[in-house]
Amino acid sequence: MGNTPREKTETRIYGSQKIDVAMKQAIPPEAPDSGCPELKSEVTVTGGIRYERDVPVKMRDGVTVYTDIYRPEGAVNLPAIIAWSPYGKRGGYLGSPVYGVPPGTASPMAKFEGPDPAYWCHYGYAVINPDSRGVFHSEGDILQFCSAEGRDGYDLIEWVAARDWCNGKVSLNGNSWLAIAQWFIAAEKPPHLACIAPWEGFDDFYRDNLFQGGIPEIGFVGRGNDRTCGRGFYEDLPVMMCNYPLMNAYWEDKRAKVENIDIPAYVVASYNPLHTHGTLDAFRRMASPHKWLRVNNTQEWPDLYRPENLEDLRRFYDRYLKDIHNGWELTPRVRVSVLDPGGRDIVNRPESDWPLPRTQWEKLYLDAASLKLSPEPPVAASLVRYRADDDNGQAVFTYSFPEDTEIVGHMKLRLWVEAAGSDDMDLFVYVSKTDAMGNPLSHLVVDFPHPGARGLLRVSHRELDAERSTPSQPFLAHRREQLLKPGQVVPVDIGIWPWGMLWHAGQQLRVAVQGFHLIWMDDVVLGKTPIFRYERRNKGEHIIHTGGKYDSYLLVPRIPPA
């Protein structure tokens, strides 16, 4: 290993473009801190579950990946559930796993963020836990959230479907990476993939994670990559972000082609700041006429293992993996939760589609003179400014609801902005709820206060893709930078991630525009110290213009009573 290079560059073809991909050597399995178990093919039977360990599977290019298989001993005609990820196929890796899940809820067989074989084998399913390409002892290099990962998933599905114990029907399940991979795998249309169940996972790596609003965030992805274990290399994403900050064929390949997905899907989202937008976007874009959405009021980890949710998912799987006609089709197409901190959340309310068809769009106009929002645009122009490089600098606008008001869906903030002392601006927007006196009413997610619905924008990335944008959902092109000139005032549209919140009469909606992000649960749970690191360009002052010819407003999706 002493002469093995730690880094390499590979030229890969994406569409018609040749892209130099920076790669970094993974932690070798033999390293003391790798957490990698030895490669050991064996079969054991415990509690009626047959456990096949380190089963080799050939991909189409000859690379071998290894998978574990759990299935009821002696059973045949079994459907299979695949949990695809790089986190290790053994239960217990990464600390078993699940903050917010009571100890003992999942068995020691449960893979991090994946289905529990102890539950699913009991009901006549097989659970397949692969180490994806390049992970631990699986051969090759790790490629993350792309069509190549989708093709590997295709190959594993077809291999599983051909086993003599399988009924030829396969699905995918799991949180986060295990959900994100489903969009890419299903888009490849494996013949024996009967349905999918992605629970909280985005569909566009560039827009939903690495460059939200065009602002690069290298802390989370850098921390995750540096813990990768395998014999090969993995994509050095912080380097790729530096080399290719604008959209190209490489990043387009990391936007799943969910329009290709026409099989049944059970999709789960919540209002958490990592996966919300991409999950709901994928649900909206996928072609399947048989798709169901449930938006919960908790967080992905506890939601996956709650008994009532397991029973609900099993009804879906019984219908599409076992052909049991159990009335699943009568399940509401959409079930939403509406948060009400200080009151009582609405959970699993039936709706006909997402976004909610009965939405009434309303504009609340910003007034820099009063720092209020109003249904009527202010006549006089005014401005407010704050220090751009100060993590206390912000402009806050409030609106007091005269009656109970429910807002569910995508918000948009239109701002007229100017940079004093810089040619760019990184804006972080948070929409939250307070009581009548302005005291925060924060929804708790596994004991952490939610910061509110957020939207991000690097102003030089303000150009929209006109074909993909809607009045409520701006779609940034990210094809070029448009830097600001001194004194230039420009309009920008900032998409606010979807949210569902109820305000009672007298309570306030709060809009904070600032140059820094708020620390939240993932910073603490995953890193003990803040791990999200945005490479900001902020300096000087940010100026927000309102009133007169400057129609700065918040577009809100008000939901009338059913």
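Analyst: Helix H4 (205–210), strand E10 (211–212), helix H8 (276–285), strand E21 (405–420), strand E25 (453–458) and strand E26 (490–503) each contribute at least two residues to the lining of the second largest pocket, and E26 provides the largest share, five residues; helices (H or I, at least four residues) and strands (E, at least two) are DSSP runs numbered from the N terminus. This is a predicted model, in which local features need pLDDT of at least 70 and side-chain atom pairs count only at pLDDT 80 or more, while totals for chains, interfaces and linings use all residues. Residues are numbered from 1 along each chain as its sequence is written, and side-chain values use heavy atoms, with hydrogens and water left out.

The second largest pocket has a volume of about 500 Å³. A pocket here is an open set of points on a 1 Å grid over the protein atoms alone, where a 1.4 Å probe fits, with protein on both sides within 12 Å along at least five of seven lines, and lining residues have an atom within 4 Å of a point; grid points are joined across faces, edges and corners, and the volume is the space filled by probe spheres set on the points. Of the 30 lining residues, Arg207, His277, Pro474, Phe475 and Leu476 are the closest to the centre of the second largest pocket. By residue class, the lining divides into 10 nonpolar, 10 polar and 10 charged residues, where Ala, Val, Leu, Ile, Met, Phe, Trp, Tyr, Cys and Pro count as nonpolar, Asp, Glu, Lys and Arg as charged, and the others, Gly among them, as polar.

In the loop between strand E13 (265–269) and H8 lies Asn272, which counts as buried (under 20% relative accessible area, with a 1.4 Å probe and protein chains only) because its relative accessibility is 7%.

Terms used: Buried means under 20% relative accessible area, exposed over 50%, partly exposed in between (1.4 Å probe, protein chains only).
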